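Student: I would like to go through this structure with the definitions at hand. Can we take the terms one at a time?

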Amino acid sequence: MFYDLNLPYRAQHDLVNQDDLRTRVDMLIKFGYQVVAYNHVVTGKVSSNETNVIDISDKKKTNIEQLTRLTYILEDISQNHGLTPTNNALATYDILAVRPTNEKTFQNACNTLEIDIISLEMGSRLPFYLKHSIVGLAIERGIFFEISYAPAIRDSTSRRYLISNAQNLVRVSRGKNIIITSEAQRAMELRGPYDIVNLGTIMGMNQAIAKECITTNCRSVVIHAATRRNTHKAVVSFDPITSLKSNELWKVGKDKKSLPTGKSKKAKRMRPNTDDDDEDESESSQLQNMDM
Amino acid sequence: MTSTNTSQSTLNQMEGKTSSPAPKYARYTITTSEWHYLKIKINFDPPTDPLPTITSLALRSLISRSLSEAFGVIGSGIHVDILYWSGDDHQSEEYIGVIRVPREDLTTLWSSLTLFTATLDVGNQMSKEINFEVLGNSAFLMGLCTDSRVWTKKLLNP
């Protein structure tokens, strides 16, 4: 399964110098990618009323799995208070990424923020040094670092910086927790998966690790994101009763005829912490193991 | 039984079998191949007519340019052979070719083809952007015949 977790998305009115999303997705399908994530980039303060601007509804007919991703460009740590698990509005996007622009925000992102991907601006000189200690903290928390290859194809000065920054990142992270994505604004900037594996070899990884960067590591990102969104401290997840199939209704002691209509109900089995602030009272809750 | 020293042929005789010759083995060794073969294709944007004509001479200069842009002087010294190029055959509509490179220079050549992009003039003051697409690679020329993914897809959806 090949993933491309960064396909820039712009709203319909802002298509200057960017190919239609459909053209790029068709090219990805042709190359053999199975999952794509549309990326919406935002600067400024992390707000608590983000709505998902990415419109997937008219692309149902493609045979590629489509996810949505939000990237915040972090300029100042005071703006980041919204990036915590309690911000439910961010859950409308499948994957959450940040792009730190200075050392303080980078440190903040690696230490405390609840995110999936740290994306660095690789096409120019990085404004901060990458250190083993800080990068190691992010790796321990399960956060992935992203290398985007399309800037190298667009522009020859970016190419130099990209190769050098990528080699640096691979050295500091020892090849772990890296994903390679496209960030392609045009269909001609996309490349096939094995071409990307080869580019990864140039950046200092061996073939096996480079291939993981577009397959297993990307899958880990998607699962990490789902864990962050759907579970409480990675242990408990809630599903509304209406999502149960009819042959599973025995789990709540009901049959088809008497489905409750959104009343809250205490589960009959034991559950931890009943004093959660963010538990939604209008949904019935049911203990369920994380089923991934 | 007094004799304790029986050989296989004696045993065979006792059991009434004729003696069989010792089996012969042949050993084939495949080591790291000297050459590596790449099947490449040139894509155009926009893909409509008129397409520029690219002969194998033009292909050589494109490959050389891609190597020197990505890897400089040392890169442009890499030995590349063009074994087949469809642009030399005027009826072909697609530009597909087979090139050969020494095994140790494979990653260098491949990554420079991946990173390469250029604009070609088509006349009428129009220009098209091109890039290289690597359709397959193998240490053996025969390995370029088909790609197992494409082949399986065609098999399943005839």
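Tutor: We start with a rule: a charge sits over a ring if NZ of Lys or CZ of Arg is within 6 Å of the ring centre and within 35 degrees of the ring normal. As for the source, this is a predicted model, in which local features need pLDDT of at least 70, side-chain atom pairs count only at pLDDT 80 or more, and totals for chains, interfaces and linings use all residues. Residues are numbered from 1 along each chain as its sequence is written, chains are lettered from A and ligands numbered from 1 in the order in which they are written, and side-chain values use heavy atoms, with hydrogens and water left out.

Student: What makes the charged end of B:Arg100 count as sitting over the ring of B:Trp35?

Tutor: The charged end of B:Arg100 is 3.7 Å from the centre of the B:Trp35 ring, and the limit is within 6 Å. In chain A, the charged end of A:Lys30 sits over the ring of A:Phe31, 5.3 Å from its centre.

Student: Why is the pair of B:Phe116 and B:Phe132 called tilted?

Tutor: Rings of Phe, Tyr and Trp (its six-membered ring) pair if their centres lie within 6.5 Å; planes under 30 degrees apart count as stacked, over 60 as edge-to-face and the rest as tilted. The centres of B:Phe116 and B:Phe132 are 5.7 Å apart and the planes stand at 35°, so the pair is tilted. B:Phe116 lies in the loop between helix H3 (106-115) and strand S4 (117-123) of chain B, and B:Phe132 in strand S5 (residues 126-138) of chain B, so the pair ties together parts that are 16 residues apart in sequence. Helices (H or I, at least four residues) and strands (E, at least two) are DSSP runs, numbered from the N terminus.

Student: Why is A:Thr71 called buried?

Tutor: Buried means under 20% relative accessible area, exposed over 50%, partly exposed in between (1.4 Å probe, protein chains only). A:Thr71 has a relative accessible area of 2%, so A:Thr71 is buried. A:Thr71 is found in strand S3 (residues 65-74) of chain A. Contact means heavy atoms within 4.5 Å; not counting residues up to four places away in sequence, A:Thr71 touches residues including A:Asn39, A:Val41, A:Ala97 and A:Arg99. The two tyrosines, A:Tyr9 and A:Tyr38, are both buried, and B:Phe116 and B:Phe132 are both buried.

Student: What makes H3(B) mostly covered?

Tutor: Nine of the 10 residues in H3(B) are buried, among them B:Leu106, B:Trp110 and B:Leu115. Over chain B, buried residues make up 35% of the 158 residues.

Student: How do you know that S4(B) and S5(B) pair?

Tutor: Two strands pair if DSSP finds at least two bridges between them. S4(B) and S5(B) have six bridges, in the antiparallel sense; B:Asn131 in S5(B) is the bridge partner of B:Thr117. Strand S1 (residues 35-45) of chain B pairs with S5(B) over nine bridges, also in the antiparallel sense, and B:Phe132 in S5(B) is the bridge partner of B:Ile42.

Student: Which order do the strands take in the open sheet of chain B?

Tutor: Five strands form that open sheet in the order S2-S3-S1-S5-S4, with antiparallel pairing. Strand S2 (81-85) and S4 of chain B each have a single partner strand, so one side of each is left without a neighbour in the sheet.

Student: What is the pairing in the open sheet of chain A?

Tutor: The pairing is parallel, with seven strands in the order S1-S2-S3-S4-S5-S6-S7. Strand S1 (3-8) and strand S7 (178-181) of chain A stand at the edges with a single partner strand each, so one side of each is left without a neighbour in the sheet. Strand S4 (residues 95-100) and strand S5 (residues 117-119) of chain A are joined by two bridges, and the rule asks for at least two.
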